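Here is my note for a colleague who is new to reading protein models. Please keep the sequence and the structure open while going through the points.

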Amino acid sequence: MHWSKKHMREVSRKVRNLVLVLGDQLDDRSAAFDGFDPAADAVWMAEVSEEAEYVWSHKARIAIFLSAMRHFCDRLRERGYPVDYHALDGRGQPADSSFATELAAAIKNLHPHKLVVLEPGEWRVRKLLVDTAKDLGITIDSRTDRHFLCSTEEFGEHAEGRKALRLEPFYHEMRRKTGFLMSGGKPAGGTWNYDHENRESFGSVEPRRIPAPVSFPPDKITREVIDLVNRRFAHHPGTLDAFDWAVTREQAAQALHDFVENRLPMFGPFEDAMWTGRPYLYHSRLSSALNLHLLDPREAVAAAVEAYEAKHAAINSVEGFVRQIIGWREYIRGIYWRHMPGYEYSNELNAGLPLPWFYWTGESDMNCLREVIGQTLALGFAHHIQRLMVAGLFALLLGVDPHEVHKWFLAIYVDAVEWVEMPNVLGMSQFADGGLMATKPYAAGGNYISRMSNYCRGCRYNPAKVEGEDACPFSVLYWDFLARNRSAFKRNPRMNLQVANLDRQVPRRLREIRACAERIRESFAQPAAAHG
Ligand code: FAD
Ligand code: DLZ
Ligand code: SF4
């Protein structure tokens with residue numbers, strides 16, 4: 001029988017506490033379950049169309065959330081927890097549903113004394129739940145999310161009195177606090193940072209065979225979700241043909257083990273490298289499992305540290321991985337909660353162009369973008385440098401409205417939840433927060449992509465050219481970006497070199513480059529999507 005038919009809403013009695021479990025809170029050890037009594041309390045979970053539609057979500061992003069939610073519901077029920085589960089294709093489910101409509105229905109039905117919820121991963125959802133509870137006159141007990149190693153209060157203490165919030169001091173504090181990779185109060189290996197060892201590319205030689213990440217072919221529940229998404233969200237971007245993401249806690253643990261065994265040892269050196277048709281290289285592919293809370297970040301970090309202690313992986317790889325998780329991931333979340341809600345509309349560089357339509361189709365004659373966006377549409381995944389230095393960089397150089405860029409990134413990746421996506425996009429990639437996070441924009445021309453990948457070899461453009469038929473749009477737009485924002489960058493000492501290089505350009509040549517940039521911008525002047 002179909003999952004949603006078999007798993008109708010099963011709670012029919014009045015409940016004491018109704019525990020709300022959102023799609024990215026799939027951990028039965030979370031604080032939301034503290035004091036849970038199956039005889040008196042119940043869990044509420046809701047698949048709602050609004051969460052798939054408020055940004056035009058990739059089919060794989062919708063499928064991973066729904067499949068993981070259904071598996072988690074089964075897990076709770078096996079433990080004897082009553083779950084009021086609202087399936088998108090369940091009986092009596094309205095065509096257009098939202099957290100507000102489904103929660104109101106549940107409260108009317110179950111008359112709980114109190115709602116219990118773990119702090120949600122989005123400002124919008126947090127506000128919505130608080131407002132709905134207030135409207136319905138019910139108390140809401142919001143609990144700290146223990147999944148994270150740094151609470152929002154602790155981040156606040158770290159940030160207090162600091163002029164700038166930088167990763168490095170925060171990360172050192174986290175290392176000291178957690179004791180990961182510490183030895184006698186000092187960083188293991190003698191230094192905090194091995195970034196200089198972690199910038200290798202594959203040059204012109206195709207990377208050797210790298211063990212493919214463990215794959216999880218869809219089981220019955222996932223196949224049903226895939227059918228549902230293909231039917232209900234047929235017009236959404238992306239495909240589900242290759243869907244093989246971890247959707248349970250057991251699978252997440254297997255994926256971690258597979259990464260540590262097979263790819264962690266080379267993770268560091270090739271962290272920034274890209275190669276045609278090789279989406280994962282040495283990356284862990286763990287972000288979605290972490291963000292859904294199927295995997296605890298402490299487990300991931302402990303497994304990597306153990307590999308270092310067993311001499312299975314060297315310090316530069318292990319430190320690189322630990323830095324991403326207890327450093328970047330926690331720091332990004334701290335920035336999000338400290339600066340929301342105002343952060344969402346940051347636009348320090350006053351960029352206002354629409355997002356080019358090819359971001360939704362991959363149809364571009366720029367090979368790097370065709371590769372990265374094509375892979376993104378096929379898998380719902382691109383690794384960090386593909387996101388930052390290809391998809392994000394082009395939007396930055398072109399001058400796309402950062403809010404448009406944010407909506408695309410939130411829609412298109414399987415690991416996208418706003419607390420992690422937004423500062424990465426607005427702060428790190430688009431410099432829209434004016435340097436709150438990054439000391440300077442991650443701006444580069446085609447030469448960077450040429451150095452770190454083989455994309456340029458299959459391209460009709462030449463990364464070294466800024467004039468003529470084969471001038472690389474990244475390289476052309478790079479100079480235009482510097483010239484457009486010169487007065488802002490002149491005030492930033494970290495941009496001295498780039499501004500000096502700009503000032504060395506012969507004025508007539510710079511005028512021609514900028515005229516070419518203008519033609520490129522005009523060619524992308526159409527709005528990206530009717531969906532807004
Ligand atoms: P690995 O390279 O193996 O890294 C290990 C883990 O470290 C990741 O799983 C992730 O949990 C964490 N991590 C690494 N870099 C970051 C970072 N910058 N911020 C936070 N955590 C990090 N990550 C998301 O989880 N969701 C997003 O929506 C998201 N959007 C991004 C948008 C842009 C523009 C950029 C530049 C980065 C974004 N990232 C996002 C961060 C990063 O790109 C992904 O976490 C990573 O590519 C996921 O692949 P992986 O699991 O193989 O990571
Ligand atoms: C992203 C997403 C999607 C596509 N669908 C659901 C859903 O049906 N139900 C749900 O609880 N959560 C979903 N999510 C995640 C939310 O958009 C949002 O990121 C989290 O609720 C924030 O905690
Ligand atoms: Fe991308 Fe330019 Fe290289 Fe083509 S030449 S792949 S557009 S960086």
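1. Strand β2 (residues 42-46) pairs with β3 in the parallel sense over 4 bridges, where two strands count as paired if DSSP finds at least two bridges between them, and where strands (E, at least two residues) and helices (H or I, at least four) are DSSP runs numbered from the N terminus. Within this pairing, V43 stands opposite V83 in β3.

2. This is a predicted model, in which local features need pLDDT of at least 70 and side-chain atom pairs count only at pLDDT 80 or more, while totals for chains, interfaces and linings use all residues. Residues are numbered from 1 along each chain as its sequence is written, chains are lettered from A and ligands numbered from 1 in the order in which they are written, and side-chain values use heavy atoms, with hydrogens and water left out.

3. In what order do the 5 strands of the open sheet run? The order is β3-β2-β1-β4-β5, with parallel pairing, and the edge strands, each pairing on one side only, are β3 (83-86) and β5 (139-143). From one strand to the next the twist averages 25°.

4. Helix α4 (residues 99-110) packs on this sheet, touching β1 (17-20), β2, β3 and β4 (114-118), contact being heavy atoms within 4.5 Å. The direction of α4 makes about 150° with that of β2, with axes fitted as lines to C-alpha atoms, for helices over the stretch in contact, and angles running from 0 to 180 degrees between N-to-C directions.

5. Ligand 1 is surrounded by 29 residues, of which H283, S284, R285, N291 and N424 are the closest; a residue is counted if one of its heavy atoms lies within 4 Å. An N or O atom in the side chain of H283 is 2.7 Å from an oxygen atom of ligand 1, and a polar backbone atom of D415 is 2.9 Å from a nitrogen atom of ligand 1. The protein covers 99% of the 820 Å² of accessible area that ligand 1 has on its own, by the Shrake-Rupley method with a 1.4 Å probe.

6. Around ligand 2 there are 18 residues, including G23 and D24. A polar backbone atom of A46 is 2.8 Å from a nitrogen atom of ligand 2, whereas a polar side-chain atom of E51 lies 2.5 Å from an oxygen atom of ligand 2. Of the 490 Å² of accessible area that ligand 2 has on its own, the protein covers 100%.

7. The residues surrounding ligand 3 include M366, C368 and F474.

Conventions:
A polar contact is a pair of N or O atoms within 3.5 Å; within protein, one must be able to donate a hydrogen and the other to accept it, and residues adjacent in sequence count only if both atoms are side-chain atoms.
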